[in-house]
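Me: Please take a close look at one part of this model, the metal site, and describe it together with its surroundings. State the cut-offs as you go.

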Amino acid sequence: MVKLNVLKWPDKILRTRCLAVSVFDESLEQLARDMIETMRAEGGIGLSANQVGDLRRVAVIEVPRLLGDLSDSYHDIPIVLVNPILLEAESDTMSREGCLSLPEVIDVVKRFDKITVRYQNLSGEQKEIKASGLMAACLQHEIDHLNGKTLVEKASRIKRDMIMRRLKKKGKL
Ligand code: CO
């Protein structure tokens, strides 16, 4: 079992935009496998490649059925998303989120409640996933990561100052 090191904010790689994947090879499969194991070991429901220091546009998510919206059919299975993009989005919601790269922070952020994401699987085939609620928030959180944005970059200035103060107080900055 491989557990990768999860980078903590303010590591620069977390603020770096990941690059589109064009090579679907064994190394990509290995990365996805290691990311799933790491996400599970850390108790997370999503993880992006730059969180483990790899700049390929890959994210994994696994939302437990008990936490999610029961109408979604993708719970309890790990999903690997390569080059994911937000295709459609409707209705705003507020989402309470944590992040494995920001263990001290829980923040409420604005998200779309219903989304469609287009992505490629590990074989390079194009797929779409429709999601709502927690699953939708999780997908948007990971796509933000791939664009170099964590909860800190997403927060308003006032909230960001609060987060910075909290991290400083705990000696994390
Ligand atoms: Co995160």
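Reply: A residue is called buried here if its relative accessible area is under 20%, exposed if over 50%, and partly exposed in between (1.4 Å probe, protein chains only). The model is predicted, so local features need pLDDT of at least 70 and side-chain atom pairs pLDDT 80 or more, while totals for chains, interfaces and linings use all residues. Residues are numbered from 1 along each chain as its sequence is written, and side-chain values use heavy atoms, without hydrogens or water.

The metal is a cobalt ion, coordinated by Cys99 through SG and by His141 and His145 through NE2, at 2.1 to 2.3 Å. Donors are N, O and S atoms within 2.8 Å of the metal (3.2 Å for Na, K and Ca); water is not among the atoms, so the site may look incomplete. Along the chain, the donors of the cobalt ion are spaced as C-x41-H-x3-H. Cys99 sits in the loop between strand S3 (79-97) and strand S4 (107-120), and His145 belongs to helix H2 (residues 133-146), so this pair ties together parts 46 residues apart in sequence. Helices (H or I, at least four residues) and strands (E, at least two) are DSSP runs numbered from the N terminus. Both Cys99 and His145 are buried; for Cys99 the relative accessibility is 10%.

A pocket is an open set of points on a 1 Å grid over the protein atoms alone, where a 1.4 Å probe fits, with protein on both sides within 12 Å along at least five of seven lines; lining residues have an atom within 4 Å of a point. S3 and H2 are the elements that give two or more residues to this lining, and H2 has the largest share, with six residues. Divided by class, the lining of the largest pocket holds seven nonpolar, seven polar and three charged residues.

H2 also takes part in the second largest pocket, where S3, S4 and H2 each supply at least two lining residues. The volume of the second largest pocket is about 150 Å³. Its lining includes Gln140, Ile143 and Asp144, along with Lys110, Arg111 and Phe112. The classes here are three nonpolar, one polar and five charged.

Cys99 is also a reference point for Cys138. The sulfur of Cys138 has its closest cysteine sulfur in Cys99, 10 Å away, which is too far for a bond. Zero disulfides are found in a search of the whole structure, a disulfide being a pair of cysteine sulfur atoms within 2.5 Å. Cys138 is buried, at 5% relative accessibility.

Asn83 is buried, with a relative accessible area of 15%, whereas Ser91 is partly exposed at 40%.

Another loop, between strand S1 (46-48) and strand S2 (58-61), holds Asp54. Asp54 counts as buried at 18% relative accessibility. A polar atom of its side chain lies 2.9 Å from the backbone nitrogen of Arg56.

Technical notes
Ala, Val, Leu, Ile, Met, Phe, Trp, Tyr, Cys and Pro count as nonpolar, Asp, Glu, Lys and Arg as charged, and the others, Gly among them, as polar. Grid points are joined across faces, edges and corners, and a volume is the space filled by probe spheres set on the points. A polar contact is a pair of N or O atoms within 3.5 Å; within protein, one must be able to donate a hydrogen and the other to accept it, and residues adjacent in sequence count only if both atoms are side-chain atoms.
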